[in-house]
Amino acid sequence: MSDSAMPFQLTILGSSSALPTSNRYPTAQVLNVRGRFFLIDCGEGTQTQMRKYKIGFSKINHIFISHLHGDHIFGLIGLISTFALLGRTNDMHVYAHSELQNFLVPQIKFLYPEDIPFRIVSHPLNFKKEQLIFEDKTASVYSFPLDHRIPTCGFRFEEKPVLPNLIPEKLKEYNIPIRYRQGIKEGSDFITYDGRIIPNSELTTNKHKARTFAFCSDTRINESYIESIKNVDLLYHEATFASDNQALAQTTYHSTGEDAARIAQKADVGKLIIGHFSARYKDHKTILAEAVRIFPNTEAISEGQVFNVG
Ligand SMILES: [Zn+2]
């Protein structure tokens, strides 16, 4: 299968920080890992953005919430109400601080005294250390602590490796019995009857590298989470401020473009994308320019942008 048949694709629904602007939405992103959709943060307007960028509501079964600030969660109740209107019955899994319940349950009770037609399954995050929070045959998701004013987690999404294809002509040429074929797919060489070693590379094709994405919002920079994002193909890191507000970034537990770029450099990631821009900046030109000087492969995100990894 080609990579277009196996998407690892991030869609940006919101690129802004807490204060509303006329053309940007607060944080929300959707990652599609080979047809498995993960919603990451759910700022106000997320559901309208999903409609706009054609993310099917029924595809969303897993929502990851980095922290309980309004600009990352105000979209939840709207989305839940729409799910209820559409008669959803599938469980919705939410990975967040356990206190999210105190915010959501009273709203749901108020709006739906008879209850909603689906279950919300909550998975509390660990804010002390990295943790595997989701796993199936397609992907694994890890949470790891960030350094923000309130407990906050980043997330790392890892695609499960896809086994390569066997080359039919080679199977015939070396007369390879069926019982050895799975082993060869998993990387073994083949030894013929007369003791010749046929290297795996000669027998397989379409080797596929498992792709990774990490999400870091909101946080001030801290060496502690570099290990958790090491070598990812794509890193989203917040960059609320430009360097003119370095001191403010520290006291408000946020990052500058330069901060994000330094983290990307230390973690040796493939590509950096930055967002969560403060509404005080007319555009993100300065923040981006400052980041690019340190980590050239950096892009500023905007609504509707799609990043394909691999
Ligand atoms: Zn925040």
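A crossing of two helices is right-handed if the near helix is turned clockwise from the far one by less than a right angle. The legends below apply this to a predicted model.

**View 1. Helices H10 and H11 pack against each other.** H10 covers residues 257–267, and H11 covers residues 285–294. Their axes lie 7 Å apart and meet at an angle of about 30°. Angles under 35 degrees count as roughly parallel, so H10 and H11 are roughly parallel to each other. Their crossing is right-handed.

**View 2. Residues at the contact of H10 with H11.** H10 brings Gly-257, Glu-258, Ala-260, Ala-261, Arg-262 and Gln-265. H11 meets them with Ile-287, Leu-288, Glu-290, Ala-291 and Ile-294. By class, six residues of this contact are nonpolar, two are polar and three are charged.

**View 3. An open sheet of seven strands, from E7 to E17.** The strand order is E7-E8-E9-E14-E15-E16-E17, and the pairing is mixed. Strand E7 (131–135) and strand E17 (298–300) stand at the edges. Each has a single partner strand, so one side of each is left without a neighbour in the sheet. Neighbouring strands are turned by 20° against each other on average, direction ignored.

**View 4. Strands E16 and E17 run parallel.** E16 spans residues 271–275. Three bridges join E16 to E17. Leu-272 has Thr-298 in E17 as its bridge partner.

**View 5. Helices H10 and H11 lie across strands of the sheet.** H10 lies across strand E15 (234–238), E16 and E17. The angle of H10 to E15 is about 150°. H11 lies across E16 and E17, and runs at about 170° to E17.

**View 6. An open sheet of seven strands, from E6 to E18.** Here the order is E6-E5-E4-E3-E2-E1-E18, with mixed pairing. Strand E6 (120–124) and strand E18 (306–308) are the edge strands. Each of these pairs on one side only. The twist from one strand to the next averages 20°.

**View 7. Strands E4 and E5 run parallel.** E4 holds residues 60–64, and E5 holds residues 92–96. Three bridges join E4 to E5. Phe-64 has Tyr-95 in E5 as its bridge partner.

**View 8. Domain 1 and domain 2 of the chain.** The domain assignment gives domain 1 as 8–162 + 208–308. Domain 2 is 165–205. The centres of domain 1 and domain 2, taken over C-alpha atoms, are separated by 43 Å.

Key: Residues are numbered from 1 along each chain as its sequence is written. This is a predicted model: local features need pLDDT of at least 70, side-chain atom pairs count only at pLDDT 80 or more; totals for chains, interfaces and linings use all residues. Axes are lines fitted to C-alpha atoms, for helices over the stretch in contact, and angles run from 0 to 180 degrees between N-to-C directions. Helices (H or I, at least four residues) and strands (E, at least two) are DSSP runs, numbered from the N terminus. Angles under 35 degrees count as roughly parallel, over 145 as roughly antiparallel, 65 to 115 as roughly perpendicular and the rest as oblique. Two residues are in contact if their C-beta atoms, placed from the backbone, lie within 7 Å. Ala, Val, Leu, Ile, Met, Phe, Trp, Tyr, Cys and Pro count as nonpolar, Asp, Glu, Lys and Arg as charged, and the others, Gly among them, as polar. Two strands pair if DSSP finds at least two bridges between them. Domain bounds come from an automatic or database domain assignment.
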